[in-house]
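Okay everyone, thanks for coming. Have a look at this one with me, and then I'll talk you through a few spots in it.

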Amino acid sequence: MKNRWLIAASAVGVHASIGSVYAFSVFKKPLGQLIESATNNEIAMTFSLAIFFLGMAAAIMGHFVERHGPRKAGMLAASFFGGGMLIAGFGAYIQNLYVIWLGYGVLGGIGLGIGYITPVSTLIKWFPDRRGLATGLAIMGFGFGAMIGAPVFNYIIETFTVAGGGIAYTWLIMGLVYLVVMFASASYLERPPQGWMPAGLQAAVDAGKNKIEPDLSQLMANEAIKKAPFYGLWIMMFINISCGIGVIYSASPLAQETIGLTATQAATMVGLMSLFNGLGRIGWASFSDILGRGYTYMAFFLIQIVAFIFLPNLTSVVAFQVVLFTILTCYGGGFATLPAFIGDLFGTKELGAIHGYVLTAWALAGLAGPQINAYLHTVTGSYETTLYIFSGAFVVALFVSIAMIVYIKRARAELAYQPATA
């Protein structure tokens, strides 16, 4: 029997590798200098393609993960992600943006999607007593991936720029590194036996001292997408991600315009945002084991309704950053709490596939959030209107979360009533 904490560590290894995609801003300027004919939109398309194919691959390949297991799926993710970076490095070497799109955006994005869902569905099964904590640990790794990757990428770019390599060497070197790390991590991933529980929990359950709350149902993925709660999850995630990515996309200029930070100070703040993104993932997901998933999402939306109203009107540097970092914890927490929420609602039979379907919200939000933000800023000349509209979107998400809580209470009551009528 494998150690479940080493399984969790392996999951973090996979997610910390693919999470480096959030450090793409490090490549924007060097890529523009390397391919001078490329417009800003064309360079940004590299990142947009990666996020889009992440969501699409997660949806399509969820069934593959469930059918073939986490080890094969993790190795496939490593091949796509690491191999994609190697192809992107070759594209940078020959200065061809289309090859970079193919490597970093399409193939790398497919690796992102498979790698994102693979460890999560496995961890849920290893931690029946701490679903939120388990998924929070893995997805925290994704949030911290940029913190680790950004300085390493920057160092390699600066080191090899003198030799004319720069961004090409960075992708070639790190592609090999991620291949090794992800293959090693994936090789330890394995599902526990059916119905397995940790020894201490099993003894407590047998003695009547502890009780595992049963899942509301055990559905196949194609059954889950016919249920209203699936679309509740999708809507909540789409709004949370769209608004969160919108803020991440504009954080630096927003800080410079609102509270007068310099470009260097704003860049430091952006780095700290990754820290709070990661902390929010482990913190909120763990807290959801106590508070409940529905109430946790309700807290996300209540906090952000207020935060997005106040953010453009703050003049204090400290207050501005506290509010911004709080938003980032809710953004990361939404991702980390989602898999446990899916398990509660639909069971773990095909959790990976259901998780992939819900993550199509991420694919669309990755395109919608920055585009809405950029359009409104162009029309209004400021970020204030954008943030107010985002606050209004969270009101919609709040009502959806309340409907989810009502649904869960009714379903729990029906589940509790069934044995009495048997």
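Let's start with a cysteine: Cys243 counts as buried, because its relative accessibility is 2%. Buried here means under 20% relative accessible area, with exposed being over 50% and partly exposed in between, using a 1.4 Å probe and protein chains only.

Before I go on, a quick word on the source: this is a predicted model, where local features need pLDDT of at least 70 and side-chain atom pairs count only at pLDDT 80 or more, while totals for chains, interfaces and linings use all residues. Residues are numbered from 1 along each chain as its sequence is written, and side-chain values use heavy atoms, with hydrogens and water left out.

Back to the cysteines. How many disulfides does the structure hold? The count is 0, where a disulfide is a pair of cysteine sulfur atoms within 2.5 Å. Cys243 is in no disulfide, and its nearest cysteine sulfur belongs to Cys330.

Now for some helix packing. Two packed helices are described by the angle between their axes and the distance between the axes. The helices I'm naming are DSSP runs (H or I, at least four residues), numbered from the N terminus. Axes are lines fitted to C-alpha atoms over the stretch in contact, and angles run from 0 to 180 degrees between N-to-C directions.

First pair: helix 5, residues 131-161, packs with helix 12, residues 317-346, at about 140 degrees, and their axes are 8 Å apart. So these two are oblique to each other; for the cut-offs, under 35 degrees is roughly parallel, over 145 roughly antiparallel, 65 to 115 roughly perpendicular, and the rest oblique.

The contact includes Gly55, His63 and Glu66 of helix 3, plus Leu351 and Tyr357 of helix 13.

And how much of helix 13 is buried? It's mostly covered, with 8 of its 8 residues buried, including His355 and Val358.

Notes:
Contact = heavy atoms within 4.5 Å.
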